[in-house]
Amino acid sequence: MNYTLDFTPVVEGLPSLLTACLGTFALAICGMLLATVIGIGGVVLRQSKIAPLRWLIISFVELIRNTPFLVQIFFIYFALPLTGIRLDPTPTAIIALGINGGAYAIEIIRGGVQSIPKGQMEAGLALGLHKGQVFRLIILKPALKAIFPSLTSQFVLLTLTTSIASAISAYELTSVSQRIESDSFRSFEVYFTVTIFYLVISWLMMRLFALFSARYFAYPVK
Amino acid sequence: MGRDEFLFLLLGLKWTVALSAIGFVSGCLAGLAIALLRTSGIRPVERATAGYIALFQGTPLLMQLFVVYYGLALIGIKMDAWAAVAVGLTLHASAYLGEIWRGGIEAVPRGQTEASKALALSYASRMKDVILPQALRISLPATIGFLVQLIKGTSLASIVGFTELTRAGNIISNQIFQPLTVFGIVGMLYFIMCCPLTIYGAYLERKFAASAR
């Protein structure tokens with residue numbers, strides 16, 4: 001085997017690869033925001049007094065958690081146009097990531113909410129806070145603080161999952177690297193470098209979450 | 001969608017099951033080695049395995065499959081897409097299972113290790129007869145959780161070009177132009193495989209939590 005590694009195409013493609021890293025970041029952050037909204041909304045509905053609503057959330061969570069993301073993103077990609085919504089691959093990928101991450105977030109946040117003693121809520125109501133205030137300040141925030149480590153690892157996983165969005169050619173690192181690979185045929189060199197990029201991205205994500213946690217969950221609560 | 005198309009999907013399903021089984025079994029063996037090295041008490045070895053685990057947990061499975069697929073060809077090992085994917089999934093599984101079982105091994109109280117040392121058990125016997133049975137029991141729910149992840153992960157083999165369930169779905173969907181029906185059915189097939197495992201994992205978790213109380 002006389003194969004010499006040649007990183008020239010990688011070096012030449014470096015600007016577009018680095019910009020694509022930003023694309024991955026944007027995709028991941030938007031996906032996480034949507035996942036958080038779905039997660040919190042889902043937990044509220046999951047606690048609802050209306051049984052069919054609870055069942056709906058439970059089936060949604062189990063359906064998403066037990067099917068591959070790749071199948072989900074294909075399904076959404078083909079299903080959206082039928083409902084009359086025409087979107088580019090990248091927004092479609094954000095929706096798919098949000099739905100997928102949201103299902104996991106519901107389970108994680110629910111665990112946190114259940115760990116808050118009932119007396120805490122009653123104490124809040126007794127102090128004359130609104131129901132909304134009680135939920136936001138006395139239930140949700142301590143719950144999020146308690147489950148933040150699990151949420152962090154789930155969201156780092158979501159960041160890595162963005163690579164699958166390349167299957168519908170959303171703008172992110174993997175799809176750009178596939179383009180460089182098919183232009184240069186330097187497959188190993190390209191994918192090896194991009195793997196290192198992902199390692200840095202997931203490390204940065206973890207740092208970001210640690211910073212967020214230190215700022216937002218620092219006690220005393222204001 | 002006709003009968004032939006559905007049978008083609010089932011053919012893909014067979015490969016998904018085979019890939020999952022091979023990835024899981026060989027991943028378990030390699031993962032056990034990783035877990036033992038990670039808790040060996042020898043600093044450089046522990047560091048190296050920690051790095052190995054961080055590498056696989058910090059990069060997308062899709063990239064791991066790409067690197068293994070093209071990397072193996074590079075060092076002169078000619079392999080089918082299928083074998084390369086199996087190797088990739090094995091490495092991936094070994095890192096995740098190694099980390100899960102490290103947690104299990106460390107969760108076994110230290111006194112157990114001390115007691116078996118006091119009884120002059122050899123390292124092999126201490127691990128095989130005392131520590132691992134308890135550690136694996138503790139980590140069984142997480143292990144099953146990872147098996148579900150792995151089954152879903154095999155879908156990425158389709159991007160590398162191996163015809164398993166998802167790629168079979170892609171092919172059929174391109175033929176009959178009913179992507180929603182096809183991917184709906186493909187999704188249900190994955191669901192039928194994964195859901196019982198998820199339920200069983202949750203049941204074990206509840207059972208262990210109750211017995212720990």
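## Contacts and overall form

In chain A, 79% of the contacts with a separation of 6 or more are between residues 24 or more positions apart. The model is a predicted one. Chain A is built from 9 helices and has 0 strands, so its pattern along the sequence reads α-α-α-α-α-α-α-α-α.

The C-alpha trace of chain A spans about 75 × 45 × 30 Å along its principal axes. Chain A has 222 residues, and 38% of them count as buried.

## Helices α2 and α7 of chain A

Helix α2 of chain A covers residues 14-46, and helix α7 of chain A covers residues 131-161. The two pack with their axes 12 Å apart, at an angle of about 140 degrees. Angles over 145 degrees count as roughly antiparallel and those from 65 to 115 as roughly perpendicular; α2(A) and α7(A) are therefore oblique to each other. The crossing of α2(A) past α7(A) is right-handed.

Which residues of α2(A) meet α7(A)? They are Ala28(A), Gly31(A), Met32(A), Ala35(A) and Ile40(A). On the α7(A) side, the partners are Leu140(A), Phe155(A), Leu158(A) and Thr159(A). By type, the residues of this contact of α2(A) with α7(A) are 7 nonpolar and 2 polar, with no charged ones.

## Where chain A touches chain B

The contact between the chains takes 29 residues from chain A and 30 residues from chain B. On the side of chain A, the elements giving two or more residues are α3 (51-65), α4 (69-82) and α9 (187-216). The largest share comes from α9(A), with 10 residues.

The residues on the side of chain A that touches chain B comprise 20 nonpolar, 7 polar and 2 charged.

How values were computed. Residues are numbered from 1 along each chain as its sequence is written. Chains are lettered from A and ligands numbered from 1 in the order in which they are written. This is a predicted model: local features need pLDDT of at least 70, side-chain atom pairs count only at pLDDT 80 or more; totals for chains, interfaces and linings use all residues. Helices (H or I, at least four residues) and strands (E, at least two) are DSSP runs, numbered from the N terminus. A residue is buried if 20 or more other C-beta atoms lie within 10 Å of its own, exposed if 12 or fewer, and partly exposed in between; C-beta atoms are placed from the backbone. Two residues are in contact if their C-beta atoms, placed from the backbone, lie within 7 Å. Ala, Val, Leu, Ile, Met, Phe, Trp, Tyr, Cys and Pro count as nonpolar, Asp, Glu, Lys and Arg as charged, and the others, Gly among them, as polar. Axes are lines fitted to C-alpha atoms, for helices over the stretch in contact, and angles run from 0 to 180 degrees between N-to-C directions. Angles under 35 degrees count as roughly parallel, over 145 as roughly antiparallel, 65 to 115 as roughly perpendicular and the rest as oblique. A crossing is left-handed if the near helix is turned anticlockwise from the far one by less than a right angle, and right-handed if clockwise.
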